[in-house]
Amino acid sequence: MFSSHDGLCTIGELAEHTGVSVKTVRFYSDHGLLPEAARSAGGHRRYAPDAVERLGMIRSLRGLDLSVPEVRRILDEQDERDGAAAGGALEDAVAGRLRVLGSELAALRWREAALRLVQESPPVERPARLRLVGAVAVPPSTASLARFWRAWLPPRMPARSVSAFLEAAVTHPPDDPRPAQVLAFARLHAFVTGPCDAGTGAGACQPRAHGVAGARASAVLYAGLAEAYDLAGAALRRGSGPSPGEALDGFVDAYASTYGARDTPAFRRVLAGRLAGDPRLDRYWDLTAEVISAPGGRPEPTPGTAHDWLLAALNAQMELTAGHGGARRGPVGEAPASVGPA
């Protein structure tokens, strides 16, 4: 390949043959990526014919924006495998780079939507919206939402139950947000980082049951509510109005099981009254629906809207029961109180 008698080439010949600069070849050599085969009598670097292929591999890996240490690990692994196909080092490096790129692309898409939001806003609203959007990390993080719910949940709940609740309650912004979704998420961040009663008008945000049911009982209650919310969410997607059925029965049973009560008309009446009197987080769920719903489409159900649907179904059933004479009012044991994210 090379014209020298020993089959080796100088750094200049290697650079010319591969179309890179001498400075680039020297850089890779100095960092241990491109070993020298020998040195001339004058101390000049000499490279073997396989340096051409190795330099091509280096350029390809660097073209993927892999770091020099990552390239070195890949080449070292390839050397150990006697030139066989690259293995775990390449897979790990590519996977890591994809994660970084995903984060960078998410940040770019968020910034583009935020800029469009400012551009499309009436001039009088731009300062306030700039402050809202500027308070959100880029790419947006859900850490503030998770902190909000961790503080809201009963203390010492089992970690698995907390994780399951957070998965349902903490909303993630879409990968390719619209300006309206950026605004809704920024408002959601402002809501959860402000005073707890700022959006409720109801004083304390903690439902009374947090001090009644206990940590493990609350975990059982949340598990039952999650199933009921899923069923109610399906009804909401179908456009069905609040009505008795499996979803409502599961909803009531979650409370009855937690408090050791029987599901009776009297229990349902007391439950409806207690739920109606609990603090509300409507603002959180309204903004959540704006974040996760396609602009112009039907709002996606949330645990909050599912809770409202179930409560409306319960109230409608109580009104129907009262209209038919109802059941005798009477004590039902320990009165329930809501821990659902109303």
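The following questions and answers walk through the packing inside this predicted model.

Biologist: Are helix α5 and helix α9 roughly parallel or roughly perpendicular to each other?

Modeller: Two packed helices are described by the angle between their axes and the distance between the axes. For helix α5 (residues 88–120) and helix α9 (residues 179–193), the axes lie 8 Å apart and the angle is about 95°. Angles of 65 to 115 degrees count as roughly perpendicular, and therefore α5 and α9 are roughly perpendicular.

Biologist: How many charged residues are there in the contact of α5 with α9?

Modeller: On the α5 side the contact is made by W110, A113, A114, R116, L117 and E120, which meet P179, V182, L183 and F185 in α9. These residues divide into eight nonpolar and no polar, while the number of charged ones is two.

Biologist: What kind of ring pair do W149 and W152 form?

Modeller: Both W149 and W152 are buried, and, being three residues apart in helix α7 (residues 143–152), they are separated by about one helical turn. Their ring centres are 5.0 Å apart and their planes stand at 85°, so the pair is edge-to-face.

Biologist: How many residues apart in sequence are the parts tied together by F191 and Y284?

Modeller: F191 and Y284 are buried, and their rings form a tilted pair, because the planes are at 55° with the centres 6.4 Å apart. F191 lies in helix α9 and Y284 in helix α13 (residues 282–292), so the pair ties together parts whose separation in sequence is 93 residues.

Definitions and conventions. Residues are numbered from 1 along each chain as its sequence is written. This is a predicted model: local features need pLDDT of at least 70, side-chain atom pairs count only at pLDDT 80 or more; totals for chains, interfaces and linings use all residues. Side-chain values use heavy atoms; hydrogens and water are left out. Axes are lines fitted to C-alpha atoms, for helices over the stretch in contact, and angles run from 0 to 180 degrees between N-to-C directions. Helices (H or I, at least four residues) and strands (E, at least two) are DSSP runs, numbered from the N terminus. Angles under 35 degrees count as roughly parallel, over 145 as roughly antiparallel, 65 to 115 as roughly perpendicular and the rest as oblique. Contact means heavy atoms within 4.5 Å. Ala, Val, Leu, Ile, Met, Phe, Trp, Tyr, Cys and Pro count as nonpolar, Asp, Glu, Lys and Arg as charged, and the others, Gly among them, as polar. Rings of Phe, Tyr and Trp (its six-membered ring) pair if their centres lie within 6.5 Å; planes under 30 degrees apart count as stacked, over 60 as edge-to-face and the rest as tilted. Buried means under 20% relative accessible area, exposed over 50%, partly exposed in between (1.4 Å probe, protein chains only).
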